Amino acid sequence: YGPAQCEVNRNHGDPIWAADQAFRMKYGIREVARRNGMVATFMAKPFNLVSGCSMHLHVSLWKDGKPVFAPVDGSESETARWAIGGMMNHLAGITLPGAPTVNSYRRFEAGSFAPTTATWGRDNRTCAIRSLIESPSSTRVELRTGASDANPYWAIAGMLAAVCAGIENKSDPGEYMTGNLYETGVPLPTTLVDSV
């Protein structure tokens, strides 16, 4: 959706390992570009009139080799709902480590594939938190507020802290929302100052 914009999907695994891989990938891409007389940027919104660059984070939990987020009767498991509830409760706070620069907030505009409100839905790319109900082993929850200029360690840590708080407190996220959610719900911070 933007000049030379690419989507890169990292393998899942341990959170620290995933952050290490994201960090190394950025370093490697920049170095390959430099050696070829080009510049690779991970700015969240390098161009005004095209989509920005994100760092969506997916989370699933496993216990004793079994997926805890596995769907129950075609819906989110109780634990997955609590995780979503924690993310919803702390969304304003976890937006900051995922969107750490002034430029990060230029992504948050309607129609940009970046969320503008604190909402959650099922396989909905207009919400901040997206529940993906698939096979038991691939069902997961996606946090869509992160920008490509985020430090992956801080972004992952913020998301996991919210997930843990939600599970510990058995936080109810409310009903999932449908349709175009750019104008529905509490607005996300629109500037770095608002987020801080």
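Modeller: Let's start with handedness: a crossing is left-handed if the near helix is turned anticlockwise from the far one by less than a right angle, and right-handed if clockwise. In this predicted model, local features need pLDDT of at least 70 and side-chain atom pairs 80 or more, while totals for chains, interfaces and linings use all residues. Residues are numbered from 1 along each chain, and side-chain values use heavy atoms, without hydrogens or water.

Biologist: Thanks! Which crossing does H1 make with H4?

Modeller: H1 passes H4 in a right-handed crossing.

Biologist: And why is H1 called roughly antiparallel to H4?

Modeller: Helix H1 (residues 15-35) and helix H4 (residues 152-169) pack at about 150 degrees, with axes 9 Å apart. Angles over 145 degrees count as roughly antiparallel, so H1 is roughly antiparallel to H4.

Biologist: Which residues of H1 meet H4?

Modeller: Among them are Ala-22 and Phe-23 in H1, which meet H4 residues including Pro-152 and Tyr-153; contact means heavy atoms within 4.5 Å.

Biologist: What makes Ala-22 buried?

Modeller: Buried means under 20% relative accessible area, with a 1.4 Å probe and protein chains only. Ala-22 has 12%, so Ala-22 is buried. Leaving aside residues up to four places away in sequence, Ala-22 touches Arg-10 and Pro-152.

Terms used. Axes are lines fitted to C-alpha atoms, for helices over the stretch in contact, and angles run from 0 to 180 degrees between N-to-C directions. Helices (H or I, at least four residues) and strands (E, at least two) are DSSP runs, numbered from the N terminus. Angles under 35 degrees count as roughly parallel, over 145 as roughly antiparallel, 65 to 115 as roughly perpendicular and the rest as oblique. Buried means under 20% relative accessible area, exposed over 50%, partly exposed in between (1.4 Å probe, protein chains only).
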